[in-house]
Amino acid sequence: MKMPMFTWSVFSTCIIILFAFPILTVTLALLFLDRFAGAHFFTLDLGGNPMMYINLIWMWGHPEVYIVVLPAFGVFSEIVSTFSRKKLFGYKSMVFAMLIISFLSFFTWAHHFFTMGSGADVNAFFAVTTMLIAIPTGVKIFNWLFTMYRGRIRMATPMMWTLAFIPCFIVGGMTGVLLSVAPADFQFHNSYFLIAHFHQVLIGGVVFGYFAGLYYWWPKMFGFQLEEKLGKWAFWTWNIGFYVCFMPQYAVGLMGMTRRLSTYGWDTGWWELNFVSTIGAFLMGVGFLFQVAQIADGIRKYKTLKASGDPWDGRTLEWSIPSPAPEYNFAVTPRGDDIDEWWEEKERRAKGIYPPEQPLEPIHMPKNSSIPFIMSVFWFVAGFGFVFGWLWMAILGLAGVGICMIARSFSYDTDYYIPVDEIKRTEASLRGSV
């Protein structure tokens, strides 16, 4: 079975999570021992090293950047293919690029502190790995562009956010390569140039990607489409505001403005560009308000905006089921011979070739449980208590966590079956059948 690119992106993200988050767990455990048991892993007393904390945090933190951006890459792949009405260009190279990114993400963390004093050899190694990781990312950009080449592109809102991502992410990636040059980074480090780069990559890559995915899968999740007019107002105010906000920050960074400043003098020459940046931030806020209004308007006009199961003429299997999707998703297990299986199925049906009807069977489902949510609240209480040194609150939270774990361990009634008759009624009602 060939997997869609979004599935590959989630798979790659899970692999990074499996290797990255244990580093964070160990780091927090050592920090806990420092604060509550008098250990000295990260303090100068008795041989500790504060920079070891920074190393461990970024050994987790830089792979975490790819944890948030890889799902967005999967979203873009699905949207570009759907709205160009073409197969994704270079499927195998896209998968290989994603796996290479997952691997290299663990070998770039020291570029966050070239100024630490590690020496030329260490800085050179991490400079090279940082430049290398730009190559598979560039492969993905070119594959998306080649997918659009000679395609029948539809400028719906999801596609507009995808198109906006490409130049934004290219500029962010190019400035990232500048930051990866260790000697130059001694000038850029801790400056607003870095701030602009970071936001250009994380907002242009991640936020734009999740906005594109939100608009794309909204009708599948909720059963109605959002009106395009307000969505386009939101798109343009967001994007204009974004460039007005962050482009001046490259300039003030090169002029010497460092981050984390609460104020600065009028004689620095920074305030004019910072004022322009503030205007851009407010424009992005207006764009967000347009999105809120779009959702509110969609809810108000729910019946007139009701979507079919396949409003975008989609290519992957989720568009073969009704909108919103039933709790069991597929009444029968679908075929998965192609990454664009639903598109191929529609082509076969247009030629009069229909799949053999499969008999319905009861579907095994897990029961909902409130225990994980309640346990998360107790974890929050415990963490809050530890942060502020209120041991009574920490003990109370941990006790709640223990009770929840015991309750869950002795929960035996955790699943059920949906009978065939109920599946038939659900399918009939969702598809408007009799």
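A disulfide here means a pair of cysteine sulfur atoms within 2.5 Å, and a search of the whole structure finds zero of them.

Before moving on, a word about what is on your screen. This is a predicted model, in which local features need pLDDT of at least 70, side-chain atom pairs count only at pLDDT 80 or more, and totals for chains, interfaces and linings use all residues. Residues are numbered from 1 along each chain as its sequence is written, and side-chain values use heavy atoms, with hydrogens and water left out.

C245 is buried, at a relative accessible area of 5%; buried means under 20%, exposed over 50%, and partly exposed in between, using a 1.4 Å probe and protein chains only. Now select C404, which is buried too, at 8% relative accessibility.

Next come the charged pairs. Side chains of opposite charge can pair when their charged atoms come close. A salt bridge is counted when a side-chain nitrogen of Lys or Arg is within 4 Å of a carboxyl oxygen of Asp or Glu, and the structure holds 15 of them.

Select R85 and D313, a salt bridge with its closest N and O atoms 2.7 Å apart. R85 sits in the loop between α2 (50–84) and α3 (91–104), and D313 in the loop between α9 (271–300) and α10 (341–350), so this pair ties together parts 228 residues apart in sequence. Helices (H or I, at least four residues) and strands (E, at least two) are DSSP runs, numbered from the N terminus. R85 is partly exposed at 25%, and D313 is partly exposed at 24%.

K346 belongs to helix α10 while D313 is in the loop between α9 and α10, so the two join parts 33 residues apart in sequence.

Now jump to K367 and D413, whose side chains meet in a salt bridge of 2.7 Å, N to O. K367 is in the loop between β1 (363–366) and α11 (371–388), and D413 in the loop between α12 (391–409) and β2 (415–418), so the pair ties together parts 46 residues apart in sequence. K367 is partly exposed at 33%, whereas D413 is exposed at 54%.

For the last stop, select K87, R315, D338, D340 and E344: a network of salt bridges links them.
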